[in-house]
Amino acid sequence: MEWFRRKPQPPPTERKEIPDGLWTKCNSCGEIIYVRELEKSLWVCRKCSYHFRIRPEDYMAILLDEGSFQEYDAGLVSLDPLGFRDSKKYPDRIADARRKTMKNDAVICGIATMAGRQVSFAVMDFSFIGGSMGSVVGEKISRAIERAIDRLIPLVIVSCSGGARMQEGILSLLQMAKTSALLARLAQTKAPYVSILTNPTTAGVMASYASLGDVIIAEPGALLGFAGRRVIEQTIGQKLPDDFQTSEFFMNHGFLDKIVPRPELRSTVSSLLDYMSS
Amino acid sequence: MAAGGYLDFEKPILELEKKIREMKEFASGEEIELSSEIVSLERKLQKLQNEIFSKLSRWQRVQLARHPNRPYTLDYISHIFTDFIELHGDRGYADDKAVVCGFVKLDGQKALVVGQQKGRDTKTKLMRNFGMMHPEGYRKALRLMKTAAHFGVPIFIFIDTPGAYPGLQAEERGQAEAIARNIREMSVLPVPIIITIIGEGASGGALGIGVGDVLLMLENAWYSVISPEGCAAILWRDQAKAPDAAEALKVSAPDLLELKVIDKILPEPTGGAHRNHQLAAQIVKGELLASLAQLKQLSTQELLQRRLDKFRSIGIYDEI
């Protein structure tokens, strides 16, 4: 849920970090980069290796065999079980997100091949209400896990989320239990699970399926953690180190198997799946 | 919270109780016949109590759940169980005192109890870290739950936490990983797990010891994806809007029963569990006995399938 705190910046739209013009400036080092070149480098700054946030479709292009992806459960849509209203009614928030992203919710799931190997694949979409997990995300991830169990194929999830979706209250929290309970069943099979963490993966998603991979890898410089930075600063009354809750911080404390730059994601995941498949 | 350890909306009740008490003392000392006045005041008190407690707002329930005199895990343990042997530590880093674990007997039946513990005074509040667990607390709980499962001992959980501790070291030691692992492992522990939310059930901090077969909830406890204050700070940009957030999040026991998240609401003594610890514990004990008897009928396979189905079915969405 931490992503809400970072407003007043406008919420990132799907191309917010991916500019329309010919030239753009790196968010990290300020380098002026030719957009075509940035595209070729998979939206990684050539000078400082900053990883721009990219769309779920971009991850599919990077990770999956071309044309192999078959989407499942695209028609799942959120309801408003609590009749939730803050500054906006929840159904309006959902309608806006659907209009803006042309998606029904914050995760895309399906079956695809990676280097010829069939996988159950899920990728989260931060542009849809901060990639937050409500009933739809929880159900779609659960079905993706079940497809891996039923077909005994690897599970690959690319996470990108601020956590559980507050507007569905307790039902969002319990999606953590639903997905994790199914991952316990997956762990009883020989189907491997590779969890890929991208910027940001925090709170309820980090404290459930994102942390439960047989192997957990992250892109460099991603924000990863449980509690929000500001909440922690308020609680302990001190400033936190700059690298706090980055991929590198997570790696140093023993909670990541590997940090993998985007251009190496595809080959690394394929090799890992190779090692973990009979 | 008003000064003196009572809530603002409890004040008229407490004042009337004081008046009755004074009148009784006066009457016995002076040998004056006041019994009809006393009876009428007691009737008035009953009416007032019913009036206030029959229409509690969600926010008032949150305040009751946080009442400084509310029974905590150790109070329930001492009233419900016998032969308590507390067991400590995660065998890796430390003994987190925000969670209490140990073997107990429930009318002679062996069990493990795990519960978050708050303190009553400044010293014990700090020692218990206000009931906010660190990763080593979740790991301690899991270690002992696995031990219990290994020896076929059922598990009773008491939830009462304002959240998993949000601190630098908690992050360094993997708060998210600890909670995720507990949730996954608890879903397949092959013994009955009976959970009672006795006070506050805040988010992942509660869920980290909150996966089981039966979920009971005291009438004035709350359970939510985020604390009302946290939600208010994020969505309303104002912590003072916590009462509105509590309403919007639907955090009360009746809400959760309607959403089919909990199995049963346990009634509290008149005026809230803090008014009568022993009676509150008796009510909880009755349910623990009944739930355990029911779960003991099931084979391990049935138990685990039922537990999976319970969580698998949670969620409300549409398919177009």
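A polar contact is taken here as a pair of N or O atoms within 3.5 Å; within protein, one must be able to donate a hydrogen and the other to accept it, and residues adjacent in sequence count only if both atoms are side-chain atoms. By this rule, 16 residue pairs are in polar contact between chain A and chain B, both residues of each pair being at pLDDT 80 or more. The model is a predicted one, in which local features need pLDDT of at least 70, side-chain atom pairs count only at pLDDT 80 or more, and totals for chains, interfaces and linings use all residues. Residues are numbered from 1 along each chain as its sequence is written, chains are lettered from A and ligands numbered from 1 in the order in which they are written, and side-chain values use heavy atoms, with hydrogens and water left out.

With contact defined as heavy atoms within 4.5 Å, chain A contributes 63 residues and chain B contributes 50 residues. The size of an interface is often given as the accessible area lost when the parts come together. In this case, buried area is the accessible area (1.4 Å probe) that two parts lose on being put together, summed over both. Chain A and chain B bury about 5,000 Å² between them, and carbon and sulfur atoms give 72% of that area.

Helices (H or I, at least four residues) and strands (E, at least two) are DSSP runs, numbered from the N terminus. Chain A has four elements that each give two or more residues to the side touching chain B: strand S4 (76–78), helix H4 (135–151), helix H5 (169–187) and helix H7 (229–236). Of these, H5(A) provides the largest share, 16 residues. Sorted by class, this side of chain A holds 34 nonpolar, 17 polar and 12 charged residues, where Ala, Val, Leu, Ile, Met, Phe, Trp, Tyr, Cys and Pro count as nonpolar, Asp, Glu, Lys and Arg as charged, and the others, Gly among them, as polar.

Strand pairing also links the chains. Two strands pair if DSSP finds at least two bridges between them; S4(A) pairs with strand S9 (residues 317–319) of chain B in the antiparallel sense, over three bridges. Within this arrangement, A:Leu76 stands opposite B:Glu319. B:Glu319 also forms a salt bridge with A:Arg143, with the closest N and O atoms 2.8 Å apart. A salt bridge here is a side-chain nitrogen of Lys or Arg within 4 Å of a carboxyl oxygen of Asp or Glu, and three are found across the interface of chain A and chain B.

Seven residues of domain 1 are in contact with eight residues of domain 2, and the two domains bury about 580 Å² between them, 52% of it on carbon and sulfur atoms. B:Phe9, B:Glu10 and B:Phe53 supply 66% of the area that domain 1 buries against domain 2, more than any other three residues. One salt bridge is found across this domain interface, together with three residue pairs in polar contact.

Over all chains, the count comes to 41 salt bridges. One of them joins the side chains of A:Asp274 and A:Arg117 (2.9 Å, N to O). A:Asp274 lies in helix H9 (residues 262–275) of chain A and A:Arg117 in strand S6 (residues 117–124) of chain A, so this pair ties together parts 157 residues apart in sequence.

Two backbone features of chain A complete the description. The peptide bond from A:Asn199 to A:Pro200 is cis, with omega near -5°, and A:Pro200 is found in strand S8 (residues 193–202). A:Ala115 has a positive phi of about 50° although it is not a glycine; A:Ala115 lies in the loop between strand S5 (107–114) and S6 of chain A.
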